Amino acid sequence: MTRQRKIEDWALGAYADGELSGEAALEIEALLRGDPDAQLALAELKRHKAALKTAFDPVLAEEIPPAIKDALAEARVSHWPQASRRFLLIGSLAAAVALLVHAVDVRELANSDGSTIASAVRSAHAVYGSEIRHPVEIAGDQRDHLTSWLSKRLGQPVIAPDLAAQGYQLVGGRLLSLRDKPAAYFMYENARKQRLSLYVVINSEHRDTAFRMEEADGIMTCYWLDGPLAYALAGEMTRTEMEPIAHAVYEALDKT
Amino acid sequence: MAFKTELATHIPFLRRFARALTGDAALADDLVQDCIERALRKHELYDPERPMRAWLYTILRNLHISGLRSELRRGSSVTLDEIPNGSDAVPPRQEDRLVLADVEEAVARLPLVQREVLLLVALDELSYRDVAEITGVPIGTVMSRLSRARSFLRQQFDGDKEPRLRRIK
């Protein structure tokens, strides 16, 4: 079967991939308007693209295997050449720390939900917190849609607390996985573009805990188990800065 | 930021790429480990003006290809196009739903050169130029491989089309 369209498949692809700008993009948009077939093809193309991400993105949230951590830890590397430092500072990702070096505390606390969620939120924060173009799947202006979707996936009502009083606005959220179970991830950002991650999973331990804070490689995490859900926060901040935020989140969730 | 620290931030993405490329979690992590070791050994070859992830992907896909080649080699050299995909004589499935397993299966059936281009564009949102550098081919080749990969996916997922597995190339 051949498609009879004015827009070639490759051009449609390039448009969907953000490769066309200015006049070329406008031209495609104009052609699209009069071509329902091409509109369908574009929608399909985007659907396939999204399906690929859905299929493989869960790998991002997985714990890094020890062999890989060891490979990184064992090698000795000299520092950057002087000339490249400036460049690196510009591109420096505030969250780029860690991921690997927190292996120690994770092992110590192994098998408790709390420590698992702490390491999960730290990884998610390091990964998505530094993402410029696609930090979230669903943006914060669709808060209701986001929370109802995540609630449905977790099988528990989940909310994205309002942290405006703490200076943080909701950037959005995404669905992640933790130990083969769905996890809700919310990202917040303050006026200084500092990001805060909130991770919510089902509390399988059936017990509550107090706030537990740990700091690893510049990322502070705070987690607690509360009824049916377990929560964890992560951000580049001090304990004193994290504490009021954790209280605000706890109170907001308590009211629901 | 220290080289190692930045390297660490790319590991989740390397693992995703390797997993999607190989379809095998253990093999993928071996590849990532080899890639990290190589990157650390060769770190002076890295040009900090370029994105580190693209450099790491180049290393990883080259390691993957040389691994495949050494497996396949029977005294003669094997070109990239001769590396078989997993698609031999597998009929496309007649389902219109995009189940995750189907996506992974469809990706695995793509010829390697199309698979890598599709993954780099769809998962990492890399520009065609970056993909061309990583895979060592001109942008036009990236675009035609991408186009073929996508039409293959369409055939796989469109239940209403006549079932045929067009042999590409």
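The pLDDT is the predictor's confidence in each residue, on a range from 0 to 100. The structure treated in these exercises is a predicted model.

**Exercise 1.** Determine where in chain B the pLDDT stays under 50, and how many contacts the model has there.

*Solution.* Begin with chain B as a whole: its mean pLDDT is 80, and 75% of its residues reach 70 or more. Next, consider the helices. Confidence is lowest in helix 4 (residues 100-109) of chain B, with a mean of 84, and highest in helix 5 (residues 112-122) of chain B, at 96.

**Exercise 2.** Classify the packing of helix 1 of chain A against helix 3 of chain A, and state which residues make the contact.

*Solution.* Two packed helices are described by the angle between their axes and the distance between the axes. Here helix 1 (residues 9-16) and helix 3 (residues 36-56) of chain A pack at about 55 degrees, with axes 10 Å apart. Angles from 65 to 115 degrees count as roughly perpendicular and those under 35 as roughly parallel; the two helices of chain A are therefore oblique to each other. The crossing of helix 1 of chain A past helix 3 of chain A is right-handed. Helix 1 of chain A contributes A:L12, A:G13 and A:A16 to the contact, while helix 3 of chain A contributes A:A38, A:A41, A:L42, A:L45, A:K46 and A:K49. Sorted by class, the contact comprises six nonpolar, one polar and two charged residues.

**Exercise 3.** State which ipTM and pTM the predictor gives the complex.

*Solution.* The ipTM is 0.81 and the pTM is 0.53.

Terms used
Residues are numbered from 1 along each chain as its sequence is written. Chains are lettered from A and ligands numbered from 1 in the order in which they are written. This is a predicted model: local features need pLDDT of at least 70, side-chain atom pairs count only at pLDDT 80 or more; totals for chains, interfaces and linings use all residues. Axes are lines fitted to C-alpha atoms, for helices over the stretch in contact, and angles run from 0 to 180 degrees between N-to-C directions. Helices (H or I, at least four residues) and strands (E, at least two) are DSSP runs, numbered from the N terminus. Angles under 35 degrees count as roughly parallel, over 145 as roughly antiparallel, 65 to 115 as roughly perpendicular and the rest as oblique. A crossing is left-handed if the near helix is turned anticlockwise from the far one by less than a right angle, and right-handed if clockwise. Two residues are in contact if their C-beta atoms, placed from the backbone, lie within 7 Å. Ala, Val, Leu, Ile, Met, Phe, Trp, Tyr, Cys and Pro count as nonpolar, Asp, Glu, Lys and Arg as charged, and the others, Gly among them, as polar.
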